[in-house]
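User: I would like to go through this structure with you and ask, for each label, what it rests on. Please set each value against its cut-off before you conclude.

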Amino acid sequence: MTATAATAATAPPAPTRVAVVGGGQNCEHEVSLASAVAVADALDPASYDVVRLTIGPDGAWRVGDRALPLGEAVAVLQSCAAVLPVVHGPRGEDGTLAALCELAGVAYVGSGVAAGALAMDKWATKLVAQALGIATAPAVLLTAAGAATYAWTHPVVVKPVAAGSSHGVSMVREAAQLPDALEAALALDDRVLVEDVVIGREVDVAVLGTADGGRLVPPALEVVVDGWFDHEAKYGGGADFRIPAPLEDVERKALEEAALAVYDALGCAGVARVDFFVTPDGPVLNEVNTMPGFTAQSQVPKMFAAAGLSYAELLDRLVRDVLPR
Ligand SMILES: Nc1ncnc2c1ncn2[C@@H]1O[C@H](COP(=O)(O)OP(=O)(O)O)[C@@H](O)[C@H]1O
Ligand SMILES: [Mg+2]
(Lines give C-alpha, C1' and ligand atoms only; values in the text may rest on other atoms or scores of the structure.)
(Ligands and ions follow the chains in the order given, each with its own letter.)
Protein backbone atom coordinates (compact mmCIF):
# COMPACT_ATOMS: atom_id res chain seq x y z
CA MET A 1 0.00 0.00 0.00
CA THR A 2 1.43 3.38 -0.93
CA ALA A 3 1.61 6.24 1.55
CA THR A 4 -0.93 8.21 -0.50
CA ALA A 5 -3.44 5.38 -0.47
CA ALA A 6 -3.03 4.96 3.31
CA THR A 7 -3.73 8.66 3.84
CA ALA A 8 -6.77 8.54 1.58
CA ALA A 9 -8.15 5.53 3.44
CA THR A 10 -7.94 7.19 6.86
CA ALA A 11 -8.70 10.82 5.94
CA PRO A 12 -11.93 11.99 7.56
CA PRO A 13 -14.71 12.93 5.15
CA ALA A 14 -14.76 16.60 4.17
CA PRO A 15 -17.11 18.64 6.38
CA THR A 16 -20.59 19.14 4.94
CA ARG A 17 -21.28 22.72 3.93
CA VAL A 18 -24.46 24.03 5.55
CA ALA A 19 -26.00 27.49 5.72
CA VAL A 20 -27.46 28.89 8.95
CA VAL A 21 -29.83 31.78 8.27
CA GLY A 22 -30.74 34.15 11.12
CA GLY A 23 -32.32 37.54 11.70
CA GLY A 24 -35.33 38.34 9.58
CA GLN A 25 -37.77 41.14 8.94
CA ASN A 26 -39.98 41.08 11.98
CA CYS A 27 -40.15 41.90 15.67
CA GLU A 28 -38.30 38.67 16.53
CA HIS A 29 -35.17 39.70 14.59
CA GLU A 30 -32.90 39.83 17.65
CA VAL A 31 -34.25 36.58 19.07
CA SER A 32 -33.58 34.88 15.71
CA LEU A 33 -30.04 36.24 15.62
CA ALA A 34 -29.37 34.75 19.05
CA SER A 35 -30.83 31.39 17.97
CA ALA A 36 -28.82 31.39 14.73
CA VAL A 37 -25.50 32.25 16.38
CA ALA A 38 -26.03 29.51 18.95
CA VAL A 39 -26.93 26.97 16.24
CA ALA A 40 -23.95 27.89 14.05
CA ASP A 41 -21.58 27.72 17.03
CA ALA A 42 -22.91 24.33 18.10
CA LEU A 43 -22.55 22.56 14.74
CA ASP A 44 -19.42 20.43 15.08
CA PRO A 45 -16.69 21.92 12.82
CA ALA A 46 -15.33 18.41 12.21
CA SER A 47 -18.62 17.57 10.48
CA TYR A 48 -19.90 20.91 9.23
CA ASP A 49 -18.53 23.88 7.34
CA VAL A 50 -21.01 26.56 8.40
CA VAL A 51 -21.90 29.57 6.27
CA ARG A 52 -23.56 32.23 8.42
CA LEU A 53 -26.16 34.27 6.58
CA THR A 54 -28.29 36.99 8.10
CA ILE A 55 -31.38 38.80 6.89
CA GLY A 56 -31.55 42.38 8.14
CA PRO A 57 -34.69 44.05 9.46
CA ASP A 58 -34.78 45.76 6.03
CA GLY A 59 -34.64 42.42 4.23
CA ALA A 60 -31.02 42.76 3.09
CA TRP A 61 -28.99 39.53 3.15
CA ARG A 62 -25.41 39.42 4.41
CA VAL A 63 -22.76 36.76 4.72
CA GLY A 64 -20.59 37.81 7.63
CA ASP A 65 -20.17 41.56 7.05
CA ARG A 66 -20.63 41.39 3.28
CA ALA A 67 -23.93 42.51 1.75
CA LEU A 68 -25.43 40.04 -0.73
CA PRO A 69 -28.06 40.78 -3.34
CA LEU A 70 -30.82 38.17 -3.09
CA GLY A 71 -29.65 36.35 -6.21
CA GLU A 72 -26.18 35.90 -4.71
CA ALA A 73 -27.67 34.81 -1.41
CA VAL A 74 -29.63 32.12 -3.24
CA ALA A 75 -26.42 31.01 -4.97
CA VAL A 76 -24.75 30.70 -1.56
CA LEU A 77 -27.68 28.60 -0.31
CA GLN A 78 -27.36 26.42 -3.42
CA SER A 79 -23.66 25.90 -2.70
CA CYS A 80 -24.67 24.17 0.56
CA ALA A 81 -25.89 20.64 1.16
CA ALA A 82 -28.59 21.92 3.52
CA VAL A 83 -29.99 25.11 5.00
CA LEU A 84 -30.98 25.69 8.61
CA PRO A 85 -33.53 28.52 8.42
CA VAL A 86 -33.36 29.82 11.99
CA VAL A 87 -35.66 32.78 11.41
CA HIS A 88 -38.65 33.06 13.73
CA GLY A 89 -41.89 34.75 12.76
CA PRO A 90 -43.28 36.20 9.52
CA ARG A 91 -41.02 36.11 6.43
CA GLY A 92 -39.12 33.21 7.95
CA GLU A 93 -40.90 30.60 10.01
CA ASP A 94 -44.16 31.21 8.11
CA GLY A 95 -42.97 29.13 5.16
CA THR A 96 -41.29 31.96 3.30
CA LEU A 97 -37.76 30.66 3.78
CA ALA A 98 -38.91 27.12 3.09
CA ALA A 99 -40.36 28.39 -0.19
CA LEU A 100 -37.07 30.02 -1.12
CA CYS A 101 -35.21 26.77 -0.43
CA GLU A 102 -37.81 24.78 -2.40
CA LEU A 103 -37.44 27.06 -5.42
CA ALA A 104 -33.66 27.01 -5.09
CA GLY A 105 -33.70 23.22 -4.93
CA VAL A 106 -31.76 23.01 -1.69
CA ALA A 107 -32.56 20.77 1.29
CA TYR A 108 -33.61 22.55 4.48
CA VAL A 109 -34.29 21.71 8.09
CA GLY A 110 -37.81 22.02 9.46
CA SER A 111 -41.34 22.45 8.21
CA GLY A 112 -42.29 23.05 4.62
CA VAL A 113 -44.24 25.93 3.14
CA ALA A 114 -47.78 24.91 4.09
CA ALA A 115 -47.00 23.76 7.62
CA GLY A 116 -44.99 26.90 8.36
CA ALA A 117 -47.76 29.14 7.03
CA LEU A 118 -50.55 27.32 8.87
CA ALA A 119 -48.71 27.19 12.19
CA MET A 120 -47.73 30.86 11.96
CA ASP A 121 -51.40 31.71 11.65
CA LYS A 122 -52.94 31.30 15.10
CA TRP A 123 -56.46 31.43 13.64
CA ALA A 124 -55.78 28.67 11.07
CA THR A 125 -54.09 26.61 13.80
CA LYS A 126 -57.26 26.88 15.92
CA LEU A 127 -59.40 25.66 13.04
CA VAL A 128 -57.14 22.65 12.49
CA ALA A 129 -57.11 21.90 16.23
CA GLN A 130 -60.91 22.15 16.41
CA ALA A 131 -61.22 19.70 13.51
CA LEU A 132 -59.07 17.29 15.53
CA GLY A 133 -61.16 17.75 18.67
CA ILE A 134 -58.36 19.60 20.46
CA ALA A 135 -59.55 22.51 22.60
CA THR A 136 -58.28 26.05 22.01
CA ALA A 137 -59.28 29.35 23.66
CA PRO A 138 -62.60 30.61 22.25
CA ALA A 139 -61.78 33.64 20.14
CA VAL A 140 -63.04 36.20 17.69
CA LEU A 141 -61.01 37.37 14.73
CA LEU A 142 -60.92 41.13 14.12
CA THR A 143 -59.46 43.41 11.50
CA ALA A 144 -58.91 47.16 11.89
CA ALA A 145 -62.27 47.75 10.20
CA GLY A 146 -64.14 45.47 12.60
CA ALA A 147 -62.27 46.39 15.78
CA ALA A 148 -64.53 49.36 16.57
CA THR A 149 -67.62 47.14 16.63
CA TYR A 150 -66.18 44.71 19.20
CA ALA A 151 -68.06 44.92 22.49
CA TRP A 152 -65.94 43.98 25.50
CA THR A 153 -67.80 41.93 28.10
CA HIS A 154 -65.14 39.95 29.98
CA PRO A 155 -61.33 39.73 30.38
CA VAL A 156 -59.60 38.72 27.15
CA VAL A 157 -56.17 38.30 25.62
CA VAL A 158 -55.58 40.35 22.48
CA LYS A 159 -52.85 39.17 20.11
CA PRO A 160 -51.73 39.45 16.49
CA VAL A 161 -52.68 36.39 14.41
CA ALA A 162 -49.06 36.04 13.33
CA ALA A 163 -46.25 37.30 15.56
CA GLY A 164 -44.11 35.87 18.32
CA SER A 165 -42.03 36.40 21.47
CA SER A 166 -45.19 37.89 23.07
CA HIS A 167 -44.94 41.03 20.92
CA GLY A 168 -48.32 42.73 20.66
CA VAL A 169 -49.95 40.33 23.16
CA SER A 170 -51.93 41.99 25.98
CA MET A 171 -54.29 40.98 28.72
CA VAL A 172 -57.35 43.22 28.78
CA ARG A 173 -58.95 43.15 32.22
CA GLU A 174 -61.20 46.17 31.72
CA ALA A 175 -62.87 47.78 28.72
CA ALA A 176 -60.72 50.91 28.92
CA GLN A 177 -57.59 48.86 28.13
CA LEU A 178 -59.04 47.50 24.90
CA PRO A 179 -58.15 50.28 22.42
CA ASP A 180 -54.44 50.22 23.31
CA ALA A 181 -54.36 46.42 23.17
CA LEU A 182 -56.00 46.37 19.74
CA GLU A 183 -53.65 49.06 18.48
CA ALA A 184 -50.58 47.14 19.71
CA ALA A 185 -51.73 43.92 18.03
CA LEU A 186 -52.84 45.65 14.81
CA ALA A 187 -49.41 47.30 14.59
CA LEU A 188 -47.98 43.83 13.91
CA ASP A 189 -50.68 42.20 11.82
CA ASP A 190 -53.80 43.10 9.84
CA ARG A 191 -55.74 40.49 11.81
CA VAL A 192 -55.96 40.09 15.56
CA LEU A 193 -57.43 37.48 17.87
CA VAL A 194 -59.43 38.39 20.94
CA GLU A 195 -59.29 35.27 23.08
CA ASP A 196 -60.90 34.19 26.31
CA VAL A 197 -58.38 34.01 29.11
CA VAL A 198 -57.32 30.42 29.78
CA ILE A 199 -56.51 29.61 33.38
CA GLY A 200 -53.99 26.82 33.36
CA ARG A 201 -50.34 25.85 33.62
CA GLU A 202 -48.27 26.48 30.49
CA VAL A 203 -46.72 23.27 29.19
CA ASP A 204 -44.71 22.93 25.98
CA VAL A 205 -44.32 19.65 24.08
CA ALA A 206 -41.61 19.18 21.45
CA VAL A 207 -42.10 16.80 18.53
CA LEU A 208 -39.27 15.67 16.26
CA GLY A 209 -40.19 13.92 13.05
CA THR A 210 -37.44 11.63 11.80
CA ALA A 211 -36.56 10.74 8.22
CA ASP A 212 -38.02 7.25 8.58
CA GLY A 213 -41.42 8.66 9.59
CA GLY A 214 -40.87 8.20 13.32
CA ARG A 215 -41.79 10.75 15.97
CA LEU A 216 -39.73 11.58 19.06
CA VAL A 217 -41.36 13.38 21.97
CA PRO A 218 -38.98 14.33 24.78
CA PRO A 219 -40.26 15.12 28.29
CA ALA A 220 -42.63 18.09 28.36
CA LEU A 221 -41.58 21.41 29.87
CA GLU A 222 -43.60 23.60 32.19
CA VAL A 223 -43.03 27.34 32.00
CA VAL A 224 -43.43 28.78 35.47
CA VAL A 225 -43.77 32.54 35.44
CA ASP A 226 -44.53 34.94 38.18
CA GLY A 227 -47.33 36.78 36.40
CA TRP A 228 -47.57 37.12 32.63
CA PHE A 229 -45.32 35.28 30.11
CA ASP A 230 -44.45 38.51 28.32
CA HIS A 231 -41.33 39.43 26.38
CA GLU A 232 -39.48 40.44 29.55
CA ALA A 233 -40.32 37.16 31.31
CA LYS A 234 -39.21 35.18 28.24
CA TYR A 235 -35.85 36.86 27.76
CA GLY A 236 -35.15 38.65 31.05
CA GLY A 237 -34.53 35.41 32.93
CA GLY A 238 -37.84 35.67 34.81
CA ALA A 239 -39.21 32.34 33.59
CA ASP A 240 -38.42 29.06 35.20
CA PHE A 241 -38.50 25.91 33.06
CA ARG A 242 -39.41 22.64 34.78
CA ILE A 243 -38.47 19.44 32.94
CA PRO A 244 -40.13 17.07 33.08
CA ALA A 245 -43.26 19.10 33.69
CA PRO A 246 -44.93 17.63 36.77
CA LEU A 247 -47.96 15.93 35.19
CA GLU A 248 -50.32 13.09 35.94
CA ASP A 249 -49.90 10.20 33.50
CA VAL A 250 -53.27 10.88 31.96
CA GLU A 251 -52.40 14.57 31.44
CA ARG A 252 -49.05 13.69 29.89
CA LYS A 253 -50.64 11.21 27.50
CA ALA A 254 -53.34 13.68 26.48
CA LEU A 255 -50.71 16.36 25.79
CA GLU A 256 -48.47 14.05 23.78
CA GLU A 257 -51.37 12.73 21.72
CA ALA A 258 -52.62 16.24 21.00
CA ALA A 259 -49.12 17.46 20.11
CA LEU A 260 -48.56 14.55 17.71
CA ALA A 261 -52.00 14.95 16.13
CA VAL A 262 -51.53 18.65 15.50
CA TYR A 263 -47.92 18.17 14.25
CA ASP A 264 -49.14 15.61 11.72
CA ALA A 265 -52.31 17.47 10.72
CA LEU A 266 -50.34 20.63 9.98
CA GLY A 267 -47.78 18.55 8.11
CA CYS A 268 -44.81 19.67 10.21
CA ALA A 269 -41.28 18.38 9.65
CA GLY A 270 -38.14 18.51 11.76
CA VAL A 271 -38.84 19.90 15.18
CA ALA A 272 -41.92 21.81 16.30
CA ARG A 273 -42.87 23.09 19.74
CA VAL A 274 -46.53 22.69 20.56
CA ASP A 275 -47.60 24.94 23.44
CA PHE A 276 -50.53 24.16 25.69
CA PHE A 277 -52.33 25.30 28.78
CA VAL A 278 -53.07 22.40 31.10
CA THR A 279 -56.48 22.97 32.66
CA PRO A 280 -58.67 20.82 34.91
CA ASP A 281 -60.70 20.05 31.76
CA GLY A 282 -57.66 18.83 29.81
CA PRO A 283 -55.13 20.40 27.44
CA VAL A 284 -55.95 23.62 25.60
CA LEU A 285 -53.69 24.27 22.60
CA ASN A 286 -52.18 27.75 22.54
CA GLU A 287 -49.90 27.73 19.51
CA VAL A 288 -47.46 25.76 17.37
CA ASN A 289 -43.94 27.05 16.65
CA THR A 290 -42.27 25.46 13.64
CA MET A 291 -39.03 27.37 14.29
CA PRO A 292 -39.02 27.74 18.06
CA GLY A 293 -36.33 29.54 20.06
CA PHE A 294 -33.14 27.59 19.44
CA THR A 295 -30.38 28.66 21.77
CA ALA A 296 -29.03 25.96 24.07
CA GLN A 297 -31.08 27.58 26.85
CA SER A 298 -34.33 27.58 24.87
CA GLN A 299 -37.19 25.20 25.62
CA VAL A 300 -36.72 22.71 22.76
CA PRO A 301 -32.98 22.04 23.21
CA LYS A 302 -33.56 21.70 26.97
CA MET A 303 -36.35 19.17 26.46
CA PHE A 304 -34.19 17.05 24.15
CA ALA A 305 -31.25 17.34 26.55
CA ALA A 306 -33.53 15.84 29.21
CA ALA A 307 -34.13 12.95 26.80
CA GLY A 308 -30.37 12.41 26.46
CA LEU A 309 -29.89 14.19 23.13
CA SER A 310 -27.41 17.04 23.47
CA TYR A 311 -27.84 20.35 21.65
CA ALA A 312 -25.12 19.44 19.12
CA GLU A 313 -26.61 15.96 18.64
CA LEU A 314 -30.09 17.40 18.07
CA LEU A 315 -28.76 19.77 15.41
CA ASP A 316 -26.70 17.03 13.79
CA ARG A 317 -29.76 14.79 13.65
CA LEU A 318 -31.93 17.54 12.14
CA VAL A 319 -29.37 18.19 9.40
CA ARG A 320 -28.55 14.54 8.66
CA ASP A 321 -32.25 13.78 8.27
CA VAL A 322 -32.59 16.20 5.35
CA LEU A 323 -29.29 15.60 3.57
CA PRO A 324 -29.74 14.03 0.16
CA ARG A 325 -29.04 10.32 0.45
N1 LIG B 1 -55.85 32.95 25.83
C2 LIG B 1 -54.87 33.10 26.72
N3 LIG B 1 -55.11 32.96 28.06
C4 LIG B 1 -54.14 33.14 28.96
N5 LIG B 1 -52.88 33.49 28.66
C6 LIG B 1 -52.56 33.65 27.35
C7 LIG B 1 -53.53 33.45 26.31
N8 LIG B 1 -52.92 33.68 25.14
C9 LIG B 1 -51.65 33.99 25.41
N10 LIG B 1 -51.41 33.98 26.74
C11 LIG B 1 -50.14 34.28 27.40
O12 LIG B 1 -49.36 35.13 26.55
C13 LIG B 1 -48.16 34.47 26.15
C14 LIG B 1 -47.84 34.80 24.70
O15 LIG B 1 -48.92 34.47 23.86
P16 LIG B 1 -48.72 33.58 22.57
O17 LIG B 1 -50.03 33.41 21.93
O18 LIG B 1 -47.98 32.34 22.94
O19 LIG B 1 -47.83 34.51 21.66
P20 LIG B 1 -46.36 34.36 21.06
O21 LIG B 1 -46.53 33.75 19.71
O22 LIG B 1 -45.88 35.77 20.98
O23 LIG B 1 -45.56 33.48 21.98
C24 LIG B 1 -48.44 32.99 26.38
O25 LIG B 1 -47.25 32.27 26.60
C26 LIG B 1 -49.32 33.03 27.63
O27 LIG B 1 -48.53 33.27 28.80
MG1 LIG C 1 -46.03 31.63 22.64
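This is a predicted model: local features need pLDDT of at least 70, side-chain atom pairs count only at pLDDT 80 or more; totals for chains, interfaces and linings use all residues.

User: Why is Ser166 called buried?

Analyst: Buried means under 20% relative accessible area, and Ser166 has a relative accessible area of 15%, so the label applies. The backbone of Ser166 also has a phi near 65°, which is a positive value in a residue other than glycine.

User: What makes Ser165 buried?

Analyst: The relative accessibility of Ser165 is 6%, and because the cut-off is under 20%, Ser165 counts as buried. Ser165 lies in the loop between E9 and strand E10 (170-172), and its phi, near 55°, is positive although the residue is not glycine.

User: How do you know that Ser166 makes a polar contact with ligand 1?

Analyst: A polar contact is a pair of N or O atoms within 3.5 Å. A polar backbone atom of Ser166 is 2.5 Å from an oxygen atom of ligand 1, so this pair meets the cut-off.

User: Which other residues have a side-chain atom in polar contact with ligand 1?

Analyst: Glu195 and Glu287 can be named among them. A polar side-chain atom of Glu195 lies 2.7 Å from a nitrogen atom of the ligand, while an N or O atom in the side chain of Glu287 is 2.9 Å from an oxygen atom of ligand 1; each distance is within 3.5 Å, and therefore each pair counts as a polar contact. As for cover, ligand 1 taken alone exposes 540 Å², of which the protein buries 96%.

User: What makes up the shell around ligand 1?

Analyst: The residues of the shell divide into nine nonpolar, four polar and seven charged. Of the 20 residues around ligand 1, Lys122, Lys159, Ser166, Glu195 and Glu202 come nearest. Strand E9 (156-160), strand E11 (191-196) and strand E17 (282-289) each supply at least two residues of the shell.

User: Why is ligand 1 said to lie between domain 2 and domain 3?

Analyst: Domain 2 (118-134 + 199-322) and domain 3 (139-196) both give residues to the shell around ligand 1, so the ligand lies between them.

User: Which residues of helix H6 are buried, and what is found at the start of the helix and just after it?

Analyst: In helix H6 (residues 122-131), the buried residues are Lys122, Ala124, Thr125, Lys126, Val128 and Ala129. At the start of H6, a side-chain oxygen of Asp121 reaches to within 3.0 Å of the backbone nitrogen of Trp123, and just after H6, Gly133 takes a positive phi of about 80°.

User: What about Cys268: which cysteine sulfur is nearest, and is the residue buried or exposed?

Analyst: The nearest cysteine sulfur to that of Cys268 belongs to Cys101 and is 17 Å away, and Cys268 is in no disulfide. At 8% relative accessibility, which is under 20%, Cys268 counts as buried.

User: Why is Phe241 called partly exposed, whereas Gly213 is called exposed?

Analyst: Partly exposed covers the range between the buried cut-off, under 20%, and the exposed cut-off, over 50%. Phe241, in strand E15, has a relative accessible area of 24% and therefore falls in between. Gly213, in the loop between strand E12 (201-209) and strand E13 (215-216), has a relative accessibility of 52%, so it counts as exposed.

User: What makes Val31 buried?

Analyst: Val31, placed in helix H2 (residues 29-42), has a relative accessible area of 13%, and because this is under 20%, Val31 is buried.

User: Which peptide bond is described as cis, and where is its proline?

Analyst: The peptide bond from Ile243 to Pro244 is cis, with omega near -10°. Pro244 is in the loop between strand E15 (239-242) and helix H10 (249-266).

Technical notes: Residues are numbered from 1 along each chain as its sequence is written. Chains are lettered from A and ligands numbered from 1 in the order in which they are written. Side-chain values use heavy atoms; hydrogens and water are left out. A residue is near a molecule or strand if one of its heavy atoms lies within 4 Å of it. A polar contact is a pair of N or O atoms within 3.5 Å; within protein, one must be able to donate a hydrogen and the other to accept it, and residues adjacent in sequence count only if both atoms are side-chain atoms. Accessible areas come from the Shrake-Rupley method with a 1.4 Å probe; for residues, only the protein chains shown count as cover. Helices (H or I, at least four residues) and strands (E, at least two) are DSSP runs, numbered from the N terminus. Ala, Val, Leu, Ile, Met, Phe, Trp, Tyr, Cys and Pro count as nonpolar, Asp, Glu, Lys and Arg as charged, and the others, Gly among them, as polar. Domain bounds come from an automatic or database domain assignment. A disulfide is a pair of cysteine sulfur atoms within 2.5 Å. Buried means under 20% relative accessible area, exposed over 50%, partly exposed in between (1.4 Å probe, protein chains only).
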